[in-house]
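This report describes how the chains of an assembly are arranged and how they meet. Please consult the sequence and the structure while reading.

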Protein chains: 6
Amino acid sequence: MWNKNIQTFIGLEASFDEAKCVIFGAPMDSTTSYRPGTRFASSAMRQESFGIETYSPYQDKDLEDIKVFDGGDLELPFGNPRKSLDMIQETIKTILEANKLPCMIGGEHLVTLGAIEAVVEKYPDLRIIHFDAHTDLRDEYLGEKLSHASVIRRVHDIVGNGKIHQFGIRSGERDEFYWAKEHTNLNKFNFKGLQEAIEECQNYPVYFTIDLDVLDPSVFPGTGTPEAGGVTFIELLEAIIAVSKLNVVAMDINELSPVYDQSGASTALACKVLRELLLAMNKGEE
Amino acid sequence: MWNKNIQTFIGLEASFDEAKCVIFGAPMDSTTSYRPGTRFASSAMRQESFGIETYSPYQDKDLEDIKVFDGGDLELPFGNPRKSLDMIQETIKTILEANKLPCMIGGEHLVTLGAIEAVVEKYPDLRIIHFDAHTDLRDEYLGEKLSHASVIRRVHDIVGNGKIHQFGIRSGERDEFYWAKEHTNLNKFNFKGLQEAIEECQNYPVYFTIDLDVLDPSVFPGTGTPEAGGVTFIELLEAIIAVSKLNVVAMDINELSPVYDQSGASTALACKVLRELLLAMNKGEE
Amino acid sequence: MWNKNIQTFIGLEASFDEAKCVIFGAPMDSTTSYRPGTRFASSAMRQESFGIETYSPYQDKDLEDIKVFDGGDLELPFGNPRKSLDMIQETIKTILEANKLPCMIGGEHLVTLGAIEAVVEKYPDLRIIHFDAHTDLRDEYLGEKLSHASVIRRVHDIVGNGKIHQFGIRSGERDEFYWAKEHTNLNKFNFKGLQEAIEECQNYPVYFTIDLDVLDPSVFPGTGTPEAGGVTFIELLEAIIAVSKLNVVAMDINELSPVYDQSGASTALACKVLRELLLAMNKGEE
Amino acid sequence: MWNKNIQTFIGLEASFDEAKCVIFGAPMDSTTSYRPGTRFASSAMRQESFGIETYSPYQDKDLEDIKVFDGGDLELPFGNPRKSLDMIQETIKTILEANKLPCMIGGEHLVTLGAIEAVVEKYPDLRIIHFDAHTDLRDEYLGEKLSHASVIRRVHDIVGNGKIHQFGIRSGERDEFYWAKEHTNLNKFNFKGLQEAIEECQNYPVYFTIDLDVLDPSVFPGTGTPEAGGVTFIELLEAIIAVSKLNVVAMDINELSPVYDQSGASTALACKVLRELLLAMNKGEE
Amino acid sequence: MWNKNIQTFIGLEASFDEAKCVIFGAPMDSTTSYRPGTRFASSAMRQESFGIETYSPYQDKDLEDIKVFDGGDLELPFGNPRKSLDMIQETIKTILEANKLPCMIGGEHLVTLGAIEAVVEKYPDLRIIHFDAHTDLRDEYLGEKLSHASVIRRVHDIVGNGKIHQFGIRSGERDEFYWAKEHTNLNKFNFKGLQEAIEECQNYPVYFTIDLDVLDPSVFPGTGTPEAGGVTFIELLEAIIAVSKLNVVAMDINELSPVYDQSGASTALACKVLRELLLAMNKGEE
Amino acid sequence: MWNKNIQTFIGLEASFDEAKCVIFGAPMDSTTSYRPGTRFASSAMRQESFGIETYSPYQDKDLEDIKVFDGGDLELPFGNPRKSLDMIQETIKTILEANKLPCMIGGEHLVTLGAIEAVVEKYPDLRIIHFDAHTDLRDEYLGEKLSHASVIRRVHDIVGNGKIHQFGIRSGERDEFYWAKEHTNLNKFNFKGLQEAIEECQNYPVYFTIDLDVLDPSVFPGTGTPEAGGVTFIELLEAIIAVSKLNVVAMDINELSPVYDQSGASTALACKVLRELLLAMNKGEE
């Protein structure tokens, strides 16, 4: 008669088999250099999601109409980034093999590397759409190649020149900004240039990674390194809807650190971004 | 020689008899479904109001020039919403009978129902201007007819179709949005359409209810269910001044939950909204 | 292959059928007169319980050896205490009928009334052991008979004189303390007198209710009305073990309000109390 | 019909004329060297006092039986300690002239100096009972003679050797501890020696000053410089009752800084100390 | 081999002698009338600055290319504003005598008075550019001439009519706004009028004072009196760059109160403002 | 004339060469499994130490009389525990080679392993005195050998059976407690048995490691996994003084996580423990 307590994002009900999209948490913040805490993002989002609706008045779509499976959180070994990335890679691979769309909730931004390692195996011609406040292009950080500050540089090691499109960037070392001129398509401060990037990616599989600190700290203070001068929620929402027209084969949102915003507004916003992202990616054939 | 410690909003000095407007607190949050705390709004606002000025550079008016009585807070029975609403109804009635303008400080949004029950007795042809992030149009919530999520639906039970004008709405169930198409004048996201609504209400008595979560969580995180994508303080201020041209016969502001914004900025903003509201409603003949 | 995300207290694994004890949350705080927030207790405890161990070095017992089912939280209608109590009553009844030991996690202390209403049906000769900082003996509070401040008075209405044993009490109205002299066995400040009470209850079924604010606010600040001068964790632990020798037929712990202790120490302590309580009540025959 | 909103400590009802005791706030923290915030103590205590009872089960007395007037807070000029002390002095003088017992709520500890300047005029043979974690005996602090760290040294300037009895002291410069050997009766860490001090003060008028940081930070974290190793609430309570046998002619409690304890437990405890202090000082002839 | 622990803003490396600009903290908040805490601004900024970069993508300049000396914090006597101002005056004088650009980090806004007293000695024809939410033009506050609410009035006492240009002002007494019409160039709400002011100041030495509460509380909640309706970070940044074209001979930023924004976003933003200010003022000849 | 801003613990003044003791921070929390944040311990302690005195009334000793060098914090690579431990090992080695007493401030408890690896090279017959709430004896944690939950097990790998003396332990897996019976000298809950341990270690070099969570969460809530039922500050102080009679050749305190105690009391207490530790270890010949 009685069942165990299920906790999923906004009560997502689908099983793995029936789902077209699979979300899961990657609660890792080992390489965070300033203020840790993103490991609590996915569980906080599940908890807080009881306060939000399944319906989007922006898109006039409802989560109740689509099939998403919430697979819970990976149990990652603290202090071993490489092994954690391997586990993420394995998970993404399994989801892709089942022909479902993976959507990972970080965790620190380094989790994206594990995901892309899996995706690029299946889709060698992958393009990257990257929303962030930070360049994340250091070759190493305090001597480490695997770092949240290097994640997009590591992604570049895999996909090569001209395939990474960065937006909202407003912080980094001078060398990173200069290096980007040769190797990535870096757009400062906001989403200007997004339309061109979308056109360039039109015929390619796309990995879509959203570091939520692309948002202004006024709407998203709950993150490790808040950077003034970011985009608004509406701007992000419109950019997400624009990107959703592409062939997105995997995606993630990351860098929510719930403890730094005790109002809960940052977590609530992350939930809303995830809802809109899931709804936008669903192309309506259900 | 010595007097007891009086605590009123920004030191409002008028007695009940000399006042044209009466403010009071309705510290009720019994039906709040997510995060309670609005019961502390009115006392927090009185305390915090020592930090703000009586003068508005926006309207070039000063609270010192107008007569407002602060009647303190009602002592409402916790856990009995109907009895609480009766007490609110009684209070509003008393103020209306004395030909004064009531301005209630919530509490959760359900308090508005008690107020409107009283107002509609005196003004049967009442129109409602409603600023909010949420539809508040559920027929019931967890089986309860009296709920903060149903308050405008209950108001509709009283006033009927076409008399409720909603603005800033960006969250609710799909059914609520669809129901609204037939029964209320629902405007999504912002104040577009306000001018038309004002024209429609030109010749009617108006109840004006402001759920402060219509504001963006960036400027107003101190509320139970922060919804990204709201209006700015300046947009709200301009909308208030626009509405003040109408024959507003009663009004309320609600849903400040001070504990969720430890910076105090939300409470300070609520004070400022109340100041501007009181100043705007005062038509200068004093 | 993939399962949904189960969230239980410290990973309790048993199904309802195999369990000897059933825990569930009753997230109700409608009648709280001062600072609400206990509705979040049970979910916060499940979340925080990942940080504690299943083994008790105090009792040399391990939760892994006993069968407890975690039934999740009831969905109670906010603002309708009577209906909420009915749902609690129904739940307890179901558990008792299955011959299992119910352990409820409040919520405010009023939840105890619903539980005792069910228990007394099966065990008419019930005794009550009550740990609390507050008398909870008001006949009514702000006109309401159903209030967290009246819960033990309502219990007395049911069980009558001399059957309620109160410990740790250090706050209440004068009339409550004087009334208690005639009607309950009230022990002030600490657990002096517990041994006598245990002897008196030796041959009776016992309901055991722990308002966690019996603890000193130094160890348990996360509660609505912290009262200085309480007991230590070790004193509470020893008292729990003493009471566990009795025929406890149902029990609850209540009044954790996680938001008021941002260190998490109060929630962690509540988890530990629950662990020790479950272990103590298990009489070893497994 | 309607009255303005009165805010007094636990609803103390007496007028100045009928009162035997007068409490008032001295919200000054200008010289605080580390973390300011005591200016909010008295208003926070009035607000929080709604959560506590008028009856003391410790003393079996009730505030409802005694006559205390709450005169609100002085409006002190920020940044001018000497003028602030003059205003305090004037206030105490007025209360003493009306033959009432003054009880001041700080503010930082320096407020005590203004009070004692007034008291010593009426009672030249004054003794001081001083509970504190800190010596407060510096001759000057950063070049200033008027400082919270010098307040008892300044009091010594007035009353001279051997008249100050200090308890609970556990922090200060070496020179202060050594200087105390010659000039005050300093008792380290706790209340050992209190009985002797009480005997010595038997036939003298006494000023009683309680720096609440004498309490252990576990029970009273809400203060500017928490010092581990303090006394418990029960120890303080017993010491207060012991001192109340003397001829206390004026008293104060100080150094609550509410913002540093967001659980509210420190403010609640300060309220309880004030309640017990007022009850203990009332010698029952009412 | 081992050196002591140096703590400077973003690791600024220059010695006093080699520096062209000198920053230092003035941790004073004695006259703050509402919520103190600005005394912790400079040390919090040094600590938090480890989280931000030396490079500005806005200006394409890097702190590593310019010579700034961080002189640490002044040790100001708490509770003696005049003596504190004298110490600030002395410090500024020393820096000006060494032909370096002083940049002071408040502290409350009154610190600006000490600085201007020194600057005007060297530059009698000084103009003031003042960004703030508040007029700061009271003649006295609670009887005190030296107050954070009077600082610009005191500056006017020194420099006289027409030399002070105020921007972003949205709070003050009516009398202050009216007084400003005759005596200062007050621009309400935002930076409209800045271009004209810059033209007027073209040929004069300029003191540039930024009260950070000119920013909207959404981006800068960490201040004593948050005032809704402020400017964005980008608007402030552009205004700073505009002002930097002038002959700025001394400057300050003030009124960060870190404790009121536990997300750290306000402190991070203050760091970024300081970085951009230092970069803007550096006219590139290095 | 001007010097850079030096920040040392309570203004410790000695240079490396003249010091007898060297303190430094090891800000590492990569393997923390529950709530990270200890990386901020050492810098928070330096900042907070301005609020405490150099003199100990407990020991009648003063930090001004002894020579301690504060070497600042190591810059450890986030996410690479082994490399971090190597850097710690190197640092300790350098200090030991200079014949000074190293005192490390963690960081998570794993830092102790790096230190002991260095110490045991010089002192192969090392004994360990370990104060902690947790056993820290897991062979691995989530597959990792290097974990804060395994640190004492790894130390046992190095020093072998019977050389580790554990006190205050009240949390761990059953297997850890049972394993300890064969391999370490584990004392539950408090310091009972300390005298015997001290006698056993009389003639050996001793490493002294204090996990501050041995303290009760009431006095030390600022830590990742608060465990109710701990020791008091005075009990810890007496135990430290007892251990100081031994030949302590290196020591550490760890696991302060400042962000979880916003009152600052935990950080203040950690400062006081460090002061008392430094004073106790100084055997007076200076």
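**Basis of the description**

The model is predicted, and local features are given only at pLDDT of at least 70, side-chain atom pairs only at pLDDT 80 or more, whereas totals for chains, interfaces and linings use all residues. Residues are numbered from 1 along each chain as its sequence is written, chains are lettered from A and ligands numbered from 1 in the order in which they are written, and side-chain values use heavy atoms, with hydrogens and water left out.

**The single chain**

Chain A contains eight helices and ten strands, where helices (H or I, at least four residues) and strands (E, at least two) are DSSP runs numbered from the N terminus. Along the principal axes, its C-alpha atoms occupy a box of roughly 60 × 40 × 35 Å.

A salt bridge is a side-chain nitrogen of Lys or Arg within 4 Å of a carboxyl oxygen of Asp or Glu. Over all chains, the whole structure holds 114 salt bridges. One of them is within chain A, between Glu121(A) and Lys93(A), with the closest N and O atoms 3.9 Å apart. This pair links distant parts of the chain, since Glu121(A) belongs to helix H3 (residues 111-122) and Lys93(A) to helix H2 (residues 81-97), 28 residues apart.

**Chains A and F**

Superposition is by least squares on the C-alpha atoms of residues with pLDDT of at least 70 in both copies.

Which surfaces do the copies use? They meet through the same surface, because 100% of the interface residues of chain A are also interface residues in chain F. In the part of chain A that loses area to chain F, Phe78(A), Leu142(A) and Glu144(A) lose the most, together 29% of what that side buries. Glu144(A) also forms a salt bridge with Lys83(F) (2.8 Å, N to O). The side of chain A that touches chain F has eleven nonpolar, nine polar and six charged residues. In these classes, Ala, Val, Leu, Ile, Met, Phe, Trp, Tyr, Cys and Pro count as nonpolar, Asp, Glu, Lys and Arg as charged, and the others, Gly among them, as polar.

**Chains E and B**

Chain E can be laid on chain B by a turn of 120° and a shift of 0.0 Å along the axis, with an RMSD of 0.0 Å. These copies are thus related as by a three-fold rotation axis. Within chain E, Ser218(E) has the C-alpha nearest the axis, 2.8 Å from it. Here the copies use different surfaces, as 9% of the contact residues of chain E recur in chain B.

Tyr34(E), Arg174(E) and Ala228(E) supply 30% of the area that chain E buries against chain B, more than any other three residues. Arg174(E) also meets Asp62(B) in a salt bridge (3.6 Å, N to O). Helix H5 (residues 174-183) of chain E gives the largest share of the side that touches chain B, three residues. That side of chain E divides into nine nonpolar, six polar and eight charged residues.

**The two interfaces in figures**

Contact means heavy atoms within 4.5 Å. Buried area is the accessible area (1.4 Å probe) that two parts lose on being put together, summed over both.

| Interface | Residues in contact | Buried area | Salt bridges |
|---|---|---|---|
| Chain A and chain F | 26 of chain A, 26 of chain F | about 1900 Å² | two salt bridges |
| Chain E and chain B | 23 of chain E, 21 of chain B | about 1900 Å² | four salt bridges |

By contrast, no contact joins chain A and chain D, whose closest C-alpha atoms lie 12 Å apart.

**Local backbone features**

The peptide bond between Gly106(A) and Gly107(A) is cis, with omega about 10°. Gly107(A) is in the loop between strand E5 (101-106) and H3 of chain A. Asn99(B) has a positive phi of about 60° although it is not a glycine, and it lies in the loop between helix H2 (81-97) and strand E5 (101-106) of chain B.
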